[in-house]
Amino acid sequence: MQGSGCSGAFGIACDQFGAQGLSPANQQEVTKILYDENIGALSIVRNLILSTTPGTILPVCPATPAGPFNYTWDGNQACQVNLTKTAMKYNPDVYVYADAWSAPGCFKTNGVEKNGGLICGVRGSNCTHDWRQAYADYLVQVVKFYKEREGITVNLLGAYNEPDFNPGYYSSMLSDGFQAKDFLEKLYPTIKKAYPRTEVACCDATGARQERDILYELEQAGGSDLFDVATWHNYQSEPKRQFNTDKPNFQTEWADGSGAWNANWDVTGQLAEGFQWAIYLHNAFVNAGTSAYVHWWCAQNTTGDNALIRLSYDSYYVSARLWAFASYFRFARPGAVRIDATSSAENVYSSAYVNKNGTVSIPVINAAHYAQNLSISLNGVRARSASAYLTDNNHNVSLVGKYAIHGNRLYANIEPRSMKTFYLE
């Protein structure tokens, strides 16, 4: 498991750092709530690689791929540098995913960084020049700036965001799996030569099914070894089964985004409520072997539900979605391994994780409208006690009890419409 996270893309990170009136003290407090291991327990930051001014590292495009490429670094990246560094203050092991929504316009068939278009040089592009290596070098330069100027290690690098979708009005670039292979054959060796430990993502499709389609075409084209992590979003389709790759898979962007701010755990059944998110996470981890789950925005000055924390000038409000994440990842830390866990009850969902230090986390979700007694078999698990942490309409990952373990079985109860995580030591 790699954990959970969020993004400050498109300048939203600036809301978190005072652009709309959040005080310095609350800037720290909001980031702490998100990333402290004992609170929100997020461990991933997904940063947009800017392709617009201000912020792009290539404000002036050369006429040809021969250059010159006059790269610049503003040290800000629309407040994403501040977000990353502040998150690292509360979690020094933050995993950084730097992802491009588009290449610079001059690298593309349509000449602009929005409205889709292809990278020149991939099949079907029909350009005068092949800009694939230039785009690979550009992405590696972003990693270099983060490392050398900011002391930030980029752990995962992406060249695409939703390449199966053209929104028209913001940064975007199209690609199928065959075209992704044409570019990744340039990017993969380039980044591995410069930063061998930085991994390559493919390809942040709009849904799990759409990602499967890209991965299938990529394999057909002979590109299965040109990426390290399969990345997808949860907008168009949820995962129903394992992905068609032996590489890890991360869900790297999703928020409901369709309604007003909703901080509830389980009141109306609306998609943005924390209880629903607990089940989304469970389904991804268990059905698709997903290793990371990333919310869209971290904190935003808004009345909508695109962020985990709503800001209102110098006030902030935490959604129960964050407590769903924390119910998993306070206790299954990065590097944990999911082990088999099954439930005999139709409305009880369970999973289990072994941490590197040998502790075990068992999150259990009770979808019933009544309490249930649990008898949990712990075959193969060595532990003497379990602490129970409850999340429901009245509790936010609250310690509510300790249980002795008798032999290889744990007996406990779980409240209605709740999530209870058992942490075994």
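Reader: What does Glu 37 form a salt bridge with?
Author: Arg 333. This is a predicted model, and in it the closest N and O atoms of that pair are 3.5 Å apart.

Reader: How many salt bridges does the rule count?
Author: The count comes to 12.

Reader: OK, domains. What are the bounds?
Author: Domain 1 covers 3–330 and domain 2 covers 348–424.

Reader: What separates their centres?
Author: 32 Å, taken over C-alpha atoms.

Reader: How many residues does each domain put into the contact?
Author: Domain 1 gives 16 residues and domain 2 gives 18 residues.

Reader: And how is the size of an interface often given?
Author: Often as the accessible area that is lost when the parts come together. Here, domain 1 and domain 2 bury about 1500 Å² between them. Carbon and sulfur atoms carry 63% of that area.

Reader: Which three residues supply more than any others on the domain 1 side?
Author: Trp 265, Phe 275 and Ser 327. Together they supply 38% of the area that domain 1 buries against domain 2.

Reader: How many salt bridges does the rule find across that interface?
Author: One.

Reader: Another pair, then. What does Asp 266 meet in a salt bridge?
Author: Arg 417. Their side chains come to 2.9 Å, N to O.

Reader: Switching to helices. At what angle do H4 and H5 pack?
Author: About 35°. H4 spans residues 132–150, H5 spans residues 177–194, and their axes are 9 Å apart.

Reader: Left-handed or right-handed crossing?
Author: H4 passes H5 in a right-handed crossing.

Reader: Which residues make the contact?
Author: From H4, they include Arg 132, Tyr 135, Leu 139 and Val 143. From H5, they include Phe 183, Lys 186, Leu 187 and Ile 191.

Reader: How do the residues of that contact divide?
Author: Nine are nonpolar, two polar and five charged.

Reader: What about H2 and H3, what angle there?
Author: About 65°, with the axes 9 Å apart. H2 is residues 24–35 and H3 is residues 80–90. The crossing of H2 and H3 is right-handed.

Reader: Which residues meet?
Author: In H2, Gln 28, Thr 31, Lys 32 and Tyr 35. In H3, Thr 86, Ala 87, Lys 89 and Tyr 90. The contact divides into three nonpolar, three polar and two charged residues.

Reader: Which bond at Pro 54 is cis?
Author: The peptide bond from Thr 53 to Pro 54, with omega near -5°. Pro 54 is in the loop between E2 and H3.

Reader: And what joins Cys 202 and Cys 203?
Author: A cis peptide bond, with omega about 0°. Cys 203 lies in strand E5, residues 199–205.

Reader: What about Ala 78, is its phi positive or negative?
Author: Positive, about 55°, although Ala 78 is not a glycine. Ala 78 lies in the loop between E2 and H3.

Reader: Last one. What is phi of Tyr 313, and where is that residue?
Author: Phi of Tyr 313 is near 60°, a positive value. Tyr 313 is in the loop between strand E9 (307–312) and strand E10 (315–318).

Key: Residues numbered from 1 in each chain as written. Predicted model: local features only at pLDDT ≥ 70, side-chain atom pairs only at ≥ 80, totals over all residues. Heavy atoms only, no water. Axes fitted to C-alpha atoms, helices over the stretch in contact; angles between N-to-C directions. Helix = DSSP H or I, 4+ residues; strand = E, 2+ residues; numbered from the N terminus. Left-handed = near helix turned anticlockwise from the far one by under 90°. Contact = heavy atoms within 4.5 Å. Nonpolar A, V, L, I, M, F, W, Y, C, P; charged D, E, K, R; others polar. Domains from an automatic or database assignment. Buried area = accessible area lost by both parts, 1.4 Å probe. Salt bridge = Lys/Arg side-chain N within 4 Å of Asp/Glu carboxyl O.
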